[in-house]
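This briefing goes through one protein model, topic by topic. Keep the sequence and the 3D view open while reading.

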Amino acid sequence: MYLLWRERARGARKFIAQGGFERPAEFADSVVKALPFMIRHNGLGQAAAFYRNKGKDHARLYDFLNAWLTDAGRPYVAQGDSPPAQRGLLNAIENGDMDDYRLACAEALAVMEWVKTFAEAFIEIPAGSEVKK
């Protein structure tokens, strides 16, 4: 039986398990938690553009979201015959319709809940490290 929540959980767990975050404590505490807030208040396009251009950990989260939302069965499935310059989340948002945008926002928020859960559970924060608030 196909369960979308299970697929989201698997994808989020795989992303977090890859590790290699530049600042794991900050990533787990603020980078992951801020994205859903930004999507709700600024929109998916502005939040995605901000994360794409911010820093290493932000860009990794953007890359995950880009891959997730443009994968098969998702709102912005990548068209295999389109040129690479016309693929990707930001281009899909720019050229897509409002129904796809709403679906993409809902899907982004849903998968980010799983990313946040796994980041809190599995990213080890070194002893004595403090997160800038």
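**Aromatic rings and helix packing**

Phe15 and Phe21 are both buried. The model they belong to is a predicted one.

**Aromatic pairs**

- A pair of aromatic rings is described by two values, the distance of the centres and the angle of the planes.
- The ring centres of Phe15 and Phe21 are 5.9 Å apart and the planes are at 75°, so this pair is edge-to-face. The cut-off behind that label is an angle over 60 degrees.
- Phe15 also pairs with Phe64, and this pair is stacked, with 4.7 Å from centre to centre and 25° between the planes. Here the angle is under 30 degrees, the cut-off for stacked.
- The Phe15 and Phe64 pair links distant parts of the chain, as its two residues are 49 residues apart. Phe15 belongs to helix α1 (residues 4–18), and Phe64 belongs to helix α4 (residues 56–69).
- In total, the structure holds nine aromatic pairs.
- One aromatic cluster is formed by Phe15, Phe21, Phe27, Phe64 and Trp68.

- Phe15 has a relative accessible area of 5%. Because buried means under 20%, Phe15 counts as buried.
- Phe64 has a relative accessibility of 10% and therefore also counts as buried.
- Phe50, a residue of helix α3 (residues 44–53), has 37% relative accessibility and so counts as partly exposed.
- Leaving aside residues up to four places away in sequence, Phe50 touches Met38 and His58.
- Phe50 and Tyr62 are 12 residues apart along the chain, and their C-alpha atoms are separated by 8.9 Å.
- Across the protein, which has 133 residues, buried residues make up 41%.

**Charges over rings**

- Arg13 has its charged end over the ring of Phe122, at 3.9 Å from the ring centre.
- Arg74 has its charged end over the ring of Trp68, at 3.6 Å from the ring centre.

**Helices and how they pack**

- The protein has six helices and zero strands. Along the sequence the pattern reads α-α-α-α-α-α.
- Two packed helices are described by the angle between their axes and the distance between the axes.
- For α1 and α6, the axes come within 8 Å and cross at roughly 50°. The two helices are therefore oblique to each other, and α1 passes α6 in a right-handed crossing.
- On the α1 side of this contact are residues including Trp5, Arg13, Phe15 and Ile16. On the α6 side are residues including Val111, Trp114, Phe118 and Phe122.
- For α4 and helix α6 (residues 98–122), the axes come within 11 Å and cross at roughly 125°. These helices are therefore oblique to each other as well, and α4 passes α6 in a right-handed crossing.
- Leu61, Phe64, Leu65, Trp68 and Leu69 are the α4 residues that meet α6. In α6 they meet Ala104, Glu107, Ala108, Val111, Met112 and Val115.

**Contacts along the chain**

- Which share of the contacts with a separation of 6 or more comes from residues 24 or more positions apart? In this protein the share is 72%.

Conventions:
Residues numbered from 1 in each chain as written. Predicted model: local features only at pLDDT ≥ 70, side-chain atom pairs only at ≥ 80, totals over all residues. Heavy atoms only, no water. Phe/Tyr/Trp six-rings, centres within 6.5 Å; stacked < 30°, edge-to-face > 60°. Buried < 20%, exposed > 50% of the residue type's maximum accessible area, 1.4 Å probe, protein only. Helix = DSSP H or I, 4+ residues; strand = E, 2+ residues; numbered from the N terminus. Lys NZ or Arg CZ within 6 Å of the ring centre and 35° of its normal. Axes fitted to C-alpha atoms, helices over the stretch in contact; angles between N-to-C directions. Parallel < 35°, antiparallel > 145°, perpendicular 65-115°, else oblique. Left-handed = near helix turned anticlockwise from the far one by under 90°. Contact = heavy atoms within 4.5 Å.
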